[in-house]
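Hi,

Here is the structure I promised to pass on. My notes follow below it.

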Amino acid sequence: MVVQSLSIAVPAGCPNRCGFCVARMHDEDYPNQIEKNRRFRDLYKRDYADRLAFARDNGCNSLIFTGNGEPLANQRFMEEVADLNQALAKPFRILELQTCGVGLDDEVLRWLRNTVRVSTVSLSLSSVFSSGRNAEYNGTPAGREVDIDFLCSEIKRYDFNLRLSLNMTDEYDEPAAADAFARCSALGADQVTFRRLYRSGGDTPQDRWIGEHAMRESGWGAIGSYIKERGHRLERLPYGAYRFAVDGISTVVDDDCMSTAADKDEIKYLVLRQNCRLYTKWDDKGSLLF
């Protein structure tokens, strides 16, 4: 089994209401055994640790704190997972955080670096160019908007690897691909992922929003051309995509963020849910593995 990463589904709410939110396309009905089942808490902690160990035993090296909400909304859970990881015979060494950036202040950055031992902060942005438009598309409440320039500088000040995960909205229709890379470079990005907005194939409000606001296909062509002209290929990732070095930035184009392709032997990620079970898909309970 080849697995690129382990996604820790942190049970938490979200301050945002993104127009393209995948989590709101599907029902979330996984019982929270790890936190809520106090009668069998020790049992479920062992179950959870077994799943962490299983992922490591099968060659998975990266652990990513993510979820259907904002992981930072449940910091106690993140710290407990970090403790369980450290207790493994072979702990994960690569720990990452996927975040919208809301609530990521100086004290939290210090805690992530010193206590949780996160090494990469992956900041999800709907517009890398404008903090205002990013907040608008993410549905961020007034007063909690993310100042992109300041937050990126703080992430770098604490010496994290900075990945910008760009949700490819129509904010990227007009600027040239070169402008996007220049902006990422100016923000100090070490890595950038261009993420195609996921459509469920149904008629959800999110599908309709994406139909109106997804980047045009011509934009994907421009990004691909720029990568080929200015970058060089590094290696192929386990799930099939290639990683490139472009203008000094590690670059990946992710056109299958939900891992929907059915003809791949490799597993893009495992998902460890709050019910202490492992899945190979975010949106399919039938993908239960262990």
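Predicted model: local features only at pLDDT ≥ 70, side-chain atom pairs only at ≥ 80, totals over all residues.

**Helix H5, the cores and the cysteines**

H5 itself covers residues 131-138. Its buried residues are Asn134, Ala135, Tyr137 and Asn138. Viewed down the axis of H5, they fall within an arc of 170°, so they line one face of the helix. Both ends have something to look at. At the start of H5, a side-chain oxygen of Ser130 comes to within 3.4 Å of the backbone nitrogen of Gly132. After H5 comes Gly139, with a positive phi, near 65°.

Next, the cores. The largest nonpolar core has 66 residues. Leu6, Ile8, Phe65, Leu112 and Leu164 touch the most other members. Take Leu112. Neighbours within four places in sequence aside, Leu112 is in contact with Leu72, Met78, Leu97, Leu104, Arg117, Val118 and Phe160. Another core, of 8 residues, lies apart from the largest one. Phe20, Cys21, Ile210 and Ala214 are among its members.

Last, the cysteines. How many disulfides are there? The count is 0, with a cut-off of 2.5 Å between cysteine sulfur atoms. For Cys100, the nearest cysteine sulfur is that of Cys14, 5.3 Å away. Cys100 counts as buried, at 10% relative accessibility. For Cys152, the closest cysteine sulfur is in Cys184, 8.7 Å away, which is too far for a bond. Cys152 is buried as well, with a relative accessible area of 1%.

Best wishes

Methods:
Residues numbered from 1 in each chain as written. Heavy atoms only, no water. Core = buried A, V, L, I, M, F, W, Y, C linked by side-chain atoms within 4.5 Å. Buried < 20%, exposed > 50% of the residue type's maximum accessible area, 1.4 Å probe, protein only. Contact = heavy atoms within 4.5 Å. Helix = DSSP H or I, 4+ residues; strand = E, 2+ residues; numbered from the N terminus. Arc of directions from axis to C-beta. Polar contact = N/O pair within 3.5 Å; in protein donor to acceptor, adjacent residues only side chain to side chain.
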